[in-house]
Amino acid sequence: MTKSQARTVESVRNAMRVFDQHQNPGHLSFAAKLLSFEIRAAKSFKARRELMAIADELGLTGLSDFVVVYWE
């Protein structure tokens with residue numbers, strides 16, 4: 001994972017913390033969109049797998065705002 005991706009993951013984790021405090025669905029939507037964008041933009045399969053594992057851990061993969069293309 002690159003430094004930029006690590007900063008994005010930190011932003012997503014912060015959005016999830018704010019969501020846990022205020023239950024505002026906008027924060028959840030932001031987190032899902034941002035992390036799915038990073039997964040689609042990742043240049044290596046290793047980075048995609050790491051980011052997808054984080055998305056699974058945070059429970060974002062089931063949201064409609066989380067849009068990724070699956071690869072083999």
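Trainee: Where does leucine 63 lie?

Mentor: Leucine 63 sits in the segment after H3. Keep in mind that this is a predicted model.

Trainee: Why is leucine 63 called partly exposed?

Mentor: Set its value against the cut-offs: buried means under 20% relative accessible area and exposed means over 50%, with partly exposed in between. Leucine 63 has 28% relative accessibility, so it counts as partly exposed.

Trainee: What does leucine 63 touch, not counting residues up to four places away in sequence?

Mentor: Its partners are Leu28 and Ala32. For the distance to threonine 2, the separation from leucine 63 is 61 residues in sequence and 25 Å in space, C-alpha to C-alpha.

Trainee: Which residues of H1 and H2 meet?

Mentor: From H1 they include Val9, Val12, Met16 and Phe19, and from H2 they include Leu28, Phe30, Leu34 and Leu35. The residues of this contact of H1 with H2 divide into 12 nonpolar, four polar and one charged.

Trainee: And how do you know that H2 is roughly antiparallel to H3?

Mentor: Helix H2 covers residues 25-41 and helix H3 covers residues 45-58; they pack at an angle of about 160°, with axes 9 Å apart. With over 145 degrees as the cut-off, H2 is therefore roughly antiparallel to H3. The crossing of H2 and H3 is left-handed.

Trainee: Which residues make the contact of H2 with H3?

Mentor: H2 contributes Leu35, Glu38, Ile39 and Arg40, while H3 contributes Arg48, Leu51, Met52, Ile54 and Ala55. By class, the residues of the contact of H2 with H3 are six nonpolar, no polar and three charged.

Trainee: Why are H1 and H3 called roughly parallel?

Mentor: H1 and H3 pack at an angle of about 5°, with their axes 12 Å apart. Angles under 35 degrees count as roughly parallel, and therefore H1 and H3 are given that description. On the H1 side the contact is made by Gln5, Val9, Val12, Arg13 and Met16, and on the H3 side by Ala47, Leu51, Ile54, Glu57 and Leu58. These residues of the contact of H1 with H3 divide into seven nonpolar, one polar and two charged.

Trainee: Now for the whole chain. What pattern does the protein follow along the sequence?

Mentor: The pattern is α-α-α, with three helices and zero strands.

Trainee: What makes the protein as compact as a globular protein of that length?

Mentor: Compare its radius of gyration with the globule rule. The radius of gyration is 12 Å, close to the 11 Å that the rule gives for 72 residues, so the protein is as compact as a globular protein of that length. Its C-alpha trace spans about 35 × 25 × 15 Å along the principal axes.

Trainee: How many of the 72 residues are buried, as a percentage?

Mentor: Buried residues make up 36% of the 72. As for contacts with a separation of 6 or more, 54% are between residues 24 or more positions apart.

Technical notes
Residues numbered from 1 in each chain as written. Predicted model: local features only at pLDDT ≥ 70, side-chain atom pairs only at ≥ 80, totals over all residues. Heavy atoms only, no water. Axes fitted to C-alpha atoms, helices over the stretch in contact; angles between N-to-C directions. Helix = DSSP H or I, 4+ residues; strand = E, 2+ residues; numbered from the N terminus. Parallel < 35°, antiparallel > 145°, perpendicular 65-115°, else oblique. Left-handed = near helix turned anticlockwise from the far one by under 90°. Contact = heavy atoms within 4.5 Å. Nonpolar A, V, L, I, M, F, W, Y, C, P; charged D, E, K, R; others polar. Buried < 20%, exposed > 50% of the residue type's maximum accessible area, 1.4 Å probe, protein only. Rg over C-alpha atoms; globule rule 2.2 N^0.38 Å.
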